[in-house]
Amino acid sequence: MSSKPSLSNEFVKGLWENNPIFKQVLGTCPTLAVTVSAINGIAMALATTFVLVFSSLIVSLVRKLIPTQVRIASYILIIATFVTIVDLVMKAQFPELSKSLGPYIPLIVVNCIILGRQEAFASKNSPFRSVIDALGMGSGFLLALFVLGSLREIFGSGTILGLQVMPNFYEPWLIMILPAGAFLTLGLLMGLSNFYVTHKKKIEKENIIQEYLKIKAT
Amino acid sequence: MKLVIHMLATLTLIGIISGALLSEVSNWAEPKIIANRKAETERAIFVVQQDAKSYKKIDSTDFELFEVFDANNNSLGYALPYEGNGFQGKIRIIVGLNKNINNLLGLEVLEQLETPGLGAKVAETAFTKQFKNLLLTPEIVAVKGVTPSNPNEIEAITGATISSKAIVRIINDGIKRLKAIQKSGEQN
């Protein structure tokens, strides 16, 4: 068996290298739907992270007890339990936020980031490692949703987290808070991140070639 | 066979634990959720009936209706929550009405799922303040592109005519229903 990556790697990979939105393109439905403002994005990501961390912990703890044939059903049951808890707590403590996120909180049950992490990670790793992985993925999701929500809020309403940032004469672009704006912003962000990655790879390649030529010349 | 039992036992066990956990959380959250909803309605009643000091729920109707009183316990009129379909989903509003139900005292939008930036403007004060002291006879009319000239008219939001008209329709429907009940009450 190959040696396991370090714990910090397990966390960091979710932020960038394996970012659930920009790299794995999972869970795009809530991403596109709720990011009309930065605060909505943050709330959605925090709710998802909560569910992700606790589901991963439980799934990892019971991973050896669940027969493979019913593992997906068991994961969904565990996930649904935590989602319902989040939904009830939000309705009780943050009624305003719960209203603006509407039906997307119960829909976390079918968010493929969560089921994906159970199947790909938590069912094969120790509880501690699974929680670290879940936290990393959750942070990556938070990062993506915050960036997306902020951009759409800045251009769509001229504010960020409710504070005015654009000058008064700025006419908000309505399209940014409409569904089309979500697709445009996400597309551009993904394009940018892919461009950065290919650019980096190209430079690395050229460096190797240069070094090779240098060695050959001597 | 052993496997089948194992599978059944696993799912049953998870189900039982999950159910027990959720009923605990629900027991804790349910009263808070009801209190939140009540506080919201209460706040809205005092927004649409600004002179109000107390209110009483009327139980004899088959829809929600509140009678509103001033400091000396004189009846000021009614607060009527009502809902109907908007452009994208349900809209829930509450209106304040005077005693004779011929004058609208105020409007507050409680819930709406209209397009952000367009239809959602129906919940903003710029739109709702038009409904203050609006004449209800024969009924409210939304006009487009011109300044309202009659005391029963309001101006629809540009680019959100459907949402504006939906609000007007919901109010008119609710008032029609209230008037019908009042009429039948007088006959009794």
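This is a predicted model: local features need pLDDT of at least 70, side-chain atom pairs count only at pLDDT 80 or more; totals for chains, interfaces and linings use all residues.
**Exercise 1. Find how many residue pairs are in polar contact across the interface of chain A and chain B.**

Step 1. Take the rule: a polar contact is a pair of N or O atoms within 3.5 Å; within protein, one must be able to donate a hydrogen and the other to accept it, and residues adjacent in sequence count only if both atoms are side-chain atoms.
Step 2. Apply it across the interface of chain A and chain B: the rule finds 5 residue pairs, both residues at pLDDT 80 or more.
Step 3. Helices (H or I, at least four residues) and strands (E, at least two) are DSSP runs, numbered from the N terminus.

Residues are numbered from 1 along each chain as written, chains are lettered from A in the order written, and side-chain values use heavy atoms, without hydrogens and water.

**Exercise 2. State the area buried between chain A and chain B.**

Step 1. Define it: buried area is the accessible area (1.4 Å probe) that two parts lose on being put together, summed over both.
Step 2. Read the value: about 2000 Å², with carbon and sulfur atoms giving 78%.

**Exercise 3. Count the salt bridges across the interface, then over all chains.**

Step 1. Use the cut-off: a side-chain nitrogen of Lys or Arg within 4 Å of a carboxyl oxygen of Asp or Glu.
Step 2. Across the interface of chain A and chain B, the count is 0.
Step 3. Over all chains, the count is 10.
Step 4. Inspect one pair: A:E10 and A:R129 have their closest N and O atoms 2.6 Å apart. A:E10 sits in helix α1 (residues 7-15) of chain A and A:R129 in helix α7 (residues 127-157) of chain A, 119 residues apart.

**Exercise 4. Describe the fold of chain A by its helices and strands.**

Step 1. Count: chain A has 9 helices and 2 strands.
Step 2. Order them: the pattern is α-α-α-α-α-α-α-β-β-α-α.
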